[in-house]
Structure formats: C-alpha cells, structure tokens
Protein chains: 2
Amino acid sequence: MCWVVAHANINRYKADLRETRFVLFEQFRAGELLGKPPFENWGVDEVNMVLDEVYRYATEVSGPLNGISDEGCRIVDGTVTTPPGFKEAWKKLYESGFKSLSIEPEFGGQGALATVTAMVTEMTSGSCTAFDMYPGLTIGAAELIASFGGPGQAERYCPKMHDGTWSGTMCITEPHAGSDVGDSKTTAKQNDDGTYSIKGTKIFISGGDHDLTENIVHMVLARIEGAPIGTKGLSLFIVPKRRIDEEGNSGDSNDVTTLGIEHKMGINGSATAQLSFGENDGCIGELCGTEPHRGMRQMFQMMNFARIGVGIQGLAIASAAYLSAVEYAKERKQGASVTNWKDPAAPRVPIIQHPNVRRMLLDMKARVEGIRALIVKGAWHRDHAVAIGDSDEKLRQYHEGQLELMTPLIKAYSSDQAFSICETAIQVHGGVGYTADFPVEQYCRDSKIFSIYEGTNGIQALDLVGRKLGQAGGANMQAFLGDVQKFIDETKDHADLGPAVAKLAAAHAAVASTAMTFLTWFQEGKMDRVPLAANRFLDMMSEFTVGWLLLDGAKISIEKQKSVDKKDADWAFYEGKKHAACFFASHVLPNVPSSASVIADANSSALEIPEAAFTTV
Amino acid sequence: MCWVVAHANINRYKADLRETRFVLFEQFRAGELLGKPPFENWGVDEVNMVLDEVYRYATEVSGPLNGISDEGCRIVDGTVTTPPGFKEAWKKLYESGFKSLSIEPEFGGQGALATVTAMVTEMTSGSCTAFDMYPGLTIGAAELIASFGGPGQAERYCPKMHDGTWSGTMCITEPHAGSDVGDSKTTAKQNDDGTYSIKGTKIFISGGDHDLTENIVHMVLARIEGAPIGTKGLSLFIVPKRRIDEEGNSGDSNDVTTLGIEHKMGINGSATAQLSFGENDGCIGELCGTEPHRGMRQMFQMMNFARIGVGIQGLAIASAAYLSAVEYAKERKQGASVTNWKDPAAPRVPIIQHPNVRRMLLDMKARVEGIRALIVKGAWHRDHAVAIGDSDEKLRQYHEGQLELMTPLIKAYSSDQAFSICETAIQVHGGVGYTADFPVEQYCRDSKIFSIYEGTNGIQALDLVGRKLGQAGGANMQAFLGDVQKFIDETKDHADLGPAVAKLAAAHAAVASTAMTFLTWFQEGKMDRVPLAANRFLDMMSEFTVGWLLLDGAKISIEKQKSVDKKDADWAFYEGKKHAACFFASHVLPNVPSSASVIADANSSALEIPEAAFTTV
C-alpha cells in the first residue's frame, strides 16, 4: 500500500497494449476469424474497444487494490471478510461484463475468441491476482455445470454465476489427498428425493468463503457409498453454501462450515479455505448431470481450463513485474556510464543504460513475450478448432491435439518462469525491490503458488511425457514437430534470423531425439526413469516452442519494419521483437541440446541413493 | 509460529553434524592445523564440543525464534523493538561465547579456525537468520576498529562489542548511493578537539536500531569537507548512538535518529533502519584510525568478510530448507509407488519414494553440500594463509589469492542457489509449502535479500571478471585451474567417478577458454560486453568449482567406504556423497560448456536494443 502513494508512477499497473495487439492481430491474425461464425459479432474495433476498457478497469479499479489485498482476509463470526475495496470491485467487474466475454451467448455471454479472452484475463489477473481468482473460479465452476449439468441445472445456476450474484469454487483437495485425488474420503449418500448428503473436509479451496456474494456454489468431488476406490469412484456434486429454494433464491444454510483460512506466502487477498461439509449431517448436494462416477473426468475438463488459466496468471504477473522493472530502470539514476566508469565526476545515468541491467530487462522481455506467444498460440488452436467445428474433423482434431499438447507447457513453464522473472525484477530494483515500497516482492510471493496448484509442475511434466507425447498415436507431437520444421525450412536463410534459426534447428533435433528416448524407456518398462527426466523435458520443449514463436514474431516484425519509418515508435517496437527473439535464441535455446544430453546420460543416482543417505538427522 | 506447534518434528531447526564433520575433518583435514600455532588451543575434541554446543543453542534458543521473528520489528517512541525472545537469546548467545570464536585471543576471543567458524555460523544463522544478523554485523564492525583503529580505539570499543554490551553496524548506503557508494553525500566536519560533526542520511542499515544493547556503534562512511569526489574521498567514522564518556560508558544521545524501518519481503526480525545523523548538529564521530580518505579501502576489508558471511547465510538457509524437505518427504504419504501406480488399492507411500521427489531432494542435497564445500574451501585457504604467516610468503599468497578469487563465487552463487533451493523445498512440500504452517516459504522470502546486499550479484560478477581473473597477473586463476587439473589427472580413471570426471574436464576447458575470451575483450576495449557475460561466467565458474569439490568429497567417501560395513550408517552417508557428486556432474556440469558457447556467441542484442523498444507504455 505505501508504494501506491510513494511511487505512483512506477507502481501503477501497466500492460503494453501495443504488444497485445501485435500478438492478436499481427502474429496470430485474429482478423481471419473475426466477423465469421461463431465469432460473427466480433470485429477488430470490438476487440480493441474491449482491450481499452479492460485496461482502464485494470488500472483504475483492480490495480489499486493489489497492495491492500496483500493484507489478506480475516474470519469474522465464522465468515471470511475480504480486503477493503473488493466488494466494490466485484460490483464494477460484473457491471462491465468482462467476465462473460468467453461465455457462450446461450448463457448470456459474448462468445469472444479465446485469444482475446486470454489477453483480457492477463490484465484482470495481472492487476490484482488475488481478487481475480474469485471471478475466475466462478467461471470455471459455471462452465462445469453448463457442460455436464442435468436437466435444469445450467438454467438454475449459470445465469446467477455469470452475473456475479453467486460465485463458485472447485473442491478437490483433502488433507490426505493432494496430488493423489483418488484417495479422497468425502462421501455422498443418496437421499429419498434423489439428492445426496455430503460429508467430508476439503482444504485449499480458493474463494471457499468470502463476503462478495450472497451464495457460493461449490463443485465437490465425493464418493457415493459403494463406489469403487480411486478416481474412478468419484462423482461431482453441486453443493451451494446456502440451499436454493424453488424460486432459485438462496435460502437456509447448507451446513458448509469454514474451518479456517491459510496463512500464505502470497495471494493473501484470495481466501484459501478449509471447508467442512455436513458437520451436522445437513449438507445437501445435487449430482452434476445424471451419471455417477464421472466426477474425475468432468473435473478434468475444468482442470485443463484452469491450467491454462494458471499459465495466464503467470504471464500476467511476469509482465507486470517486467514493466515495473523497466519503469524503475528508466527513473533510477546510479553510477556512471560504462564508457567512463572510472571518472568519479561523470554524470550519473539511469540504470537502464548499464549493460547488465539491459541484459536482465531483455531477458525478462524475451521470456514474458515468449510465454505470451505460447499461451496465445494455444488459444489460437482452440479458436480454430471451434471455428472449424464439424466442417473438417481432421483439421479440428489437429488443433485440439495441439492445444492438448501445449497445455502442460502453458501451465508449468509459464508458472516457473513467472517466479523467475519476478526474481529478476527484484534484482533490477536492488534493495528497494525487497521492500513493500515497490510491488515486485509481492508479485514474487504471489506467483509462487502457480507452480503448485491445479496440478503441480511435476504432475504437468508427467502429463506431457506420459499422456501427451503418445496421444493420438504420437500424431500430435509429430504435427507439432512438423510445424516447427516448416518454419525452420522457410526461415533458415533469413538475413537477420538465420543464425538464430540454426539454434532452433538444433533444438528441434534435440526435442525429437529425447521424445524417442522416452518412447524407448516406456517400451523397455523403465518407468522409474521417466519422472526423473520429465520436468527437464517439459522445460526443453517449452524453450523450444517459445524460441520458435519468438522467431516467428521477429520474422513478422522485420517484414513490417520495411514499411515503417525509423523514427516511428512502431519501428522501435518491431526492433524490440527482433532483439528479444535473437537474445532468446542465443541465451536460452542452447539449453535444449544440452538438456537432451543430460537426459540421454540417464544418471540414476536419484533412484539408487539409499533413503538413509539423504541425511543422518 | 503456528508451524512450531503444528509440525514440531518437521519444523524444528536441523543441521546434519555428520556432514559438518565430514567437511571439516575428512575433506578439508582440519586435523593438519589443529594443535599447532596459531591454533594450538584447538583439538578435534574442542571442535566437536563446540559444534555440539552450538547445535544445542541453535535448536533450543535461536531456532524457536525463527517463526516469531517473521512478525517483524516495531518502532515504539522512536526506538526499534525487536520480536519477543530476542533479548533473552542475545543474552544467552553472549554467555555462550560462540560469537567470539573467530576473534583473536588478544581481543578476548578464541581464535578458532575459519573453517570451524563457518560451520558454527551456518547453525547460528540458519536457525534464525534475522536474529543472527545483529551479532554478525557487530563482529564486522568491531573487526574494522580492531584492524584500522587508532590509539585507544580498539581498547575502547572492541571488548564491549565482543561481550554483547554494545552492538555495531555498517552505514554505507544512502538514498541516492546504493551500488554507487562513491556518490554518498554524508559529510564530516572537523571540530577543534579533533572529533568530527557528522551529518547525513543512511538507509538500509541492518540492526540500525534495536533494543538489545545499551549502545550501538555505527561505522559510517562520510566525506570530510574538501575531500575528493567519488570513493577516494570517503573516510570511515566511529559514530555511537550514545556518546561514550571518559570512563568508556554510554552517556548522552549522539543525535542519531531512526527515521523509520523498512517493510520487507523477509528477514523481518532484523530491523532495516533509515538513520539520520546530526539532524540537530549534535552528532559526533571519531575518525577510524588516523588517516582520512581511506574509508572505502577499510570498508572493503569488511565487505570481503561480510560477503563470505552472506555466502554462509545462503548455505545456512538452503541447508535448513533441504533438511525440512527431506523430513516432510519421509512423513507425508501420497500416491502409490511408481511400480504399481495404476492400482488404486495399492498402499500409499511416503513421497520420498517417488522418483521426481527423490530427484528434487538429491538436486538440493548436491547443491547444499556443494556450496558448503565451496565456503569451507575458501575458509580453508584462509586458515592455511594464517598458519603459514611469514614462513612462506609465496605459499601464503597462493592461499590468499585463492580466497580472493572464490569470494565472489561464495557470495553470489551461494545466495542465488539458496533462493532456488528454497523454491525446490516449497515444491517438495506442495500446497502446504506455500503456507506459514511450514518454514520453507519464510526461508525463501528471507533468502532473497542475499543476492542484493553486500554488493549485488551483478557487482560480484564484475568483481570476479574485472578484478579477480587478472589479479596477480592472472596467477591466482592459473593456480586454481592447475589445482583442478591435478585432481582431474589423478581421478580420470577412477572406477566409479571416471565418467563424472570427464564432465569436469570438459568444464575445465570451457572455463579456461571463457577466461581467455574476457581477456581478449579487455584487450580490444570491448568493455560493454563484459557485464553482459559476467554473471553467466560467475555461474559457470561456481558450478565448475562445486563440481570439483563434490567429486573430491566423493572420492574420499568411496575410499572410506572400503573400511565401513555396509550396514553401518556411515556407509549410507558416504554413498550419499557419491550420488550427490555424480548427480551434480551429470545434471549441472554440462551447463558449463553450454554457457561457454553462449558467451562465445557474443550476442549483443542487450546493447543494441533501443531504449524505446523495451515497452511502449
């Protein structure tokens, strides 16, 4: 909070809309889909208008809450109280309609492109991560009901969840069931009227309780009595905090108790609740849909959605941290230029002139723009899959397959990078970056959860290697490698980018050969080697993909520069895209072949070391 | 705090004294120096007794304060109040005598080996980083007076600073002079009695105010009127918070005002004060020593000491985080074994049995033990330099030169690794690692400052490349490379370690060739390239050094295993040393040649990118 006052200019939330428009319109050519079904209500002007309006909301409504949100939630009389200003922001957010952009028109939404929604969410999330989690999870919960709900369920719940009257949560984790969801013990017992009595404890429920809405719709995984053990016996239930009466209004308590909230490293404005369902045997849930034992499968759709959402959270906070660091580096004067550093009388210069600071800033820029391109590429595949619909089954499957393949990269790489980029942002600030006078230390703390929730990054890596590589008989991976190869073939002799593309080609070979290594291990039953190398492979494949997309953006930028005056701001913008791509190719892409060698080396010390050897304590 | 109660076993501060003894006695053979001048009062038993006693202090006195220290300091009536328990711990610490272990006997200390002091400090710091900063900085300030003080100064100040009656600080940074110390504006005007009137504002003063002692001795860099600009015009002054009377007792206020304390990401129990000297023209300081304008040179000795201290802080917190993660991984059950992961009825296992968790733990173990070996190697050089004294000038210079060369590695690599190791520790914990129920998130926050204070890691990298590589005409670097080459030659055909040593040899060639690249750049006047590559080189050289020292430890361990029964706990301990070294060689050493290629690639995008290209905001 104090930084809001003390350093208003540096600390105001910022997004670079020029970059957003480049990604949407120039690199991923949203124009090709706009104005045509199912996006017939959307044109370039509409997209730009939404971006401008959301940016205004992010800077004026949501952004100013970020500092104060760090003070956290409290429990008063058994109910969570959110930080000051959250209620008003919630009202404004739902008046604005930004949160129904991605919703299908049949549920009152605007059916916007996923690429546009991603860029909108970057701003709503980046300006105040903690606040944006409440509406973000609400959309997720409503989408579950819309997708899988039985007769009348979507009608009863979705409209009020989309207009901000009610919120929603995902209740998966239990004290003894984290990554191992199948071990959950919450039970559901069918009543005579077809409803279920729910009983159990769920933890780590984001937005599990709060004072923003009159009701909270919990989507709860529970096991119906007699159902199989493991994930296959889990069903999904709709469990409102207060029961819904015949008219669809919130009524009596549904015996959902808030046991406590976590004291966390960050995202303190987002209440992470421990909830008890049915402590007094009075908690009633409806099965979501009509078929039991399909909860895990249903929740997985939500999780894929949520995983991309976490990727966007990472991008959002990384971008905000980067832009804060640039602003600080332009304002802070310290030391003389490297050209006359030995002269104590030389004028002090802004630190953005120091090579090592420029290196850190360009490193951040390349990574931020790289994960943005990765996320928008994923969303682009989704938009094309939706636009194609039934018109070309094979092409749609291609796009869907690519999104599947990229989802673990989006979730894990973006989240790991976010933390690392925030670390660099602190370093650019020096000592003041460690204080609450500037927002970067909070960004860093807030971002650490991204690598953990919605499936840890270890789980993501296993998803990539164990499921996605071999999905569709390996066709998705083959198509992906083919797409990059096509770019390499077309660009390898590019005057400016040739040397960088050569590094991309080396990375291509390394990714392809490592994928084969995994295949061999699977075939030979060397299952325990896989998790040892999976995270490294996820990083390799992410760096490779990001390197490709940055070079793709650079190629477009260099082409565009030909018709722009050198004095024009756009010329510098495009020049920045080129340098970011070349920097990444030079500094990061060499990791990929190096990592391939490490994986091929197949050191198995982590398996062989005796447990007693870790420590004698 | 809540974690102290909730998870007492996992969260109690831990150190692995078996590892400490290995490093001290088996790898760095402290026995060769014990019992001989100037360490004639020290034997193996004395060292072991001190280690045991300090561990008891760390677990029983200092460790239990760590959680509560996170609540931070407050200002009451213009004075800083430290967290509950700090005063009692201060008293116990000085009763124990641990803080005078390293002090020369002539000042009442025990003149212990630097290797032993380093391992003692690992425990005092790791058990409560914030608390340990107060006595740590006090030693530093007292050593400055002992080294450079004029007639009577050491006698007046040091005894009371060594027995805990007074504390000390270093006052360097000002609002507009951070890394650029030479730009500082604090002035000193000589009075008729030879004292100086000090006037100015200092910020980021660790322990700048507190309630632990009756007086605080500030060591203040200031410019005497008329002195040259830049660092060469700075002098060092002794400026107590309360004036010292003729009898050496604390008297009236010396016009040193606490303007405020920082709200920080971590080390909240350590008050980071903004101090105003001479607001009412009543602040009197004594020149430290008799010659003016030598303040920067004097402070640099302190900084070298402090930089190694920061390296130890990094090691200390990294080790604590690692041991917490191991304990958690042994207790937390989640998921089935990888051997029957498809069977939902398979028994749940402790997560330490999962390959990806083992990988993270072994990665942390290798890094923690690696930075410990790096730090003790540096201390070992110091002990040998001291023991040699004037008996062999050339050999002493060799040892001193190696410590000089390693100091930036110790400071920067240990601090960067600490943050990263804490991140991994959080990841091992999963969601609970993000909460205050476990100490790892605090460790992570506490550790972030290490890469910034006492010279940012960017400054350390420039110190390494710009000063240390060419120091003594390059002889220190040559000797270092020669030492590692000797190990490679002797070990390359080792039955267990041969393949790992081959990776060390590749890293050797890469470090040597990159050092030549820098030399070429200096010769060609390409100064602006240096800071672009300096941090990467520091990492390369650190990874190389750590890889060497881990393999050295592994070689010793394998030899020792020959005389140990396989069922003996020591056998597993030695086996762990072997696996840690081989893991590091396989997973980390390949970075070194890869980084050498990146540096040789000499991408200059960070220099070429126009400032306007960073962002259009």
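Tutor: Let us begin with the two chains, bearing in mind that this is a predicted model. What rotation and what shift along its axis superpose chain A on chain B?

Student: The rotation is 180 degrees and the shift is 0.0 Å, with an RMSD of 0.0 Å.

Tutor: That is the relation of a two-fold axis. In chain A, the C-alpha nearest the axis belongs to Ser594(A), at 3.3 Å from it.

Student: How do you know that the copies meet through the same surface?

Tutor: Of the interface residues of chain A, 100% are also interface residues in chain B, so the copies meet through the same surface. The contact involves 86 residues of chain A and 86 residues of chain B. On the side of chain A, helix α18 (residues 569-587) gives the most, with 10 residues. That side divides into 37 nonpolar, 29 polar and 20 charged residues.

Student: What makes chain A as compact as a globular protein of its length?

Tutor: Chain A has 20 helices and 14 strands. Its radius of gyration is 25 Å, and the globule rule gives 25 Å for 617 residues, so chain A is as compact as a globular protein of that length. Its C-alpha atoms fill a box of roughly 80 × 65 × 60 Å along the principal axes.

Student: What percentage of the residues in chain A is buried?

Tutor: Buried residues make up 60% of the 617 residues. As for contacts in chain A with a separation of 6 or more, 75% of them join residues 24 or more positions apart.

Student: Why are the buried residues of α15(B) said to line one face of the helix?

Tutor: The buried residues are Asn476(B), Met477(B), Phe480(B) and Val484(B). Seen down the axis of α15(B), the buried residues fall within an arc of 110 degrees, so they line one face. In general, an α-helix has 3.6 residues a turn, so residues three or four places apart point the same way.

Student: Which residues are exposed on the other side of α15(B)?

Tutor: They are Gly482(B), Lys486(B), Asp489(B) and Glu490(B). The buried residues, for their part, pack against α12 (393-429), α14 (457-468), α16 (498-523) and α17 (530-561) of chain B.

Student: In the loop between α14 and α15 of chain B lies Ala472(B). Why is Ala472(B) called partly exposed?

Tutor: Ala472(B) has 16 C-beta neighbours inside 10 Å. A residue is buried at 20 or more and exposed at 12 or fewer, so Ala472(B) counts as partly exposed. Ala472(B) also has a positive phi of about 55 degrees, although it is not a glycine.

Student: What makes Ala602(B) partly exposed?

Tutor: Ala602(B) has 13 other C-beta atoms within 10 Å, and a residue must have 12 or fewer to be exposed, so Ala602(B) is partly exposed. Ala602(B) lies in the loop between α19 (591-601) and α20 (605-608) of chain B, and its phi is near 55 degrees.

Student: Finally, what kind of peptide bond joins Pro37(A) and Pro38(A)?

Tutor: It is a cis peptide bond, with omega of about 0 degrees. Pro38(A) lies in the loop between α3 (17-27) and α4 (44-62) of chain A.

Technical notes. Residues are numbered from 1 along each chain as its sequence is written. Chains are lettered from A and ligands numbered from 1 in the order in which they are written. This is a predicted model: local features need pLDDT of at least 70, side-chain atom pairs count only at pLDDT 80 or more; totals for chains, interfaces and linings use all residues. Two residues are in contact if their C-beta atoms, placed from the backbone, lie within 7 Å. Helices (H or I, at least four residues) and strands (E, at least two) are DSSP runs, numbered from the N terminus. Ala, Val, Leu, Ile, Met, Phe, Trp, Tyr, Cys and Pro count as nonpolar, Asp, Glu, Lys and Arg as charged, and the others, Gly among them, as polar. The arc is that of the directions from the helix axis to the C-beta atoms. The radius of gyration is taken over C-alpha atoms; the globule rule is 2.2 Å times the number of residues to the power 0.38. Copies are superposed by least squares on the C-alpha atoms of residues with pLDDT of at least 70 in both.
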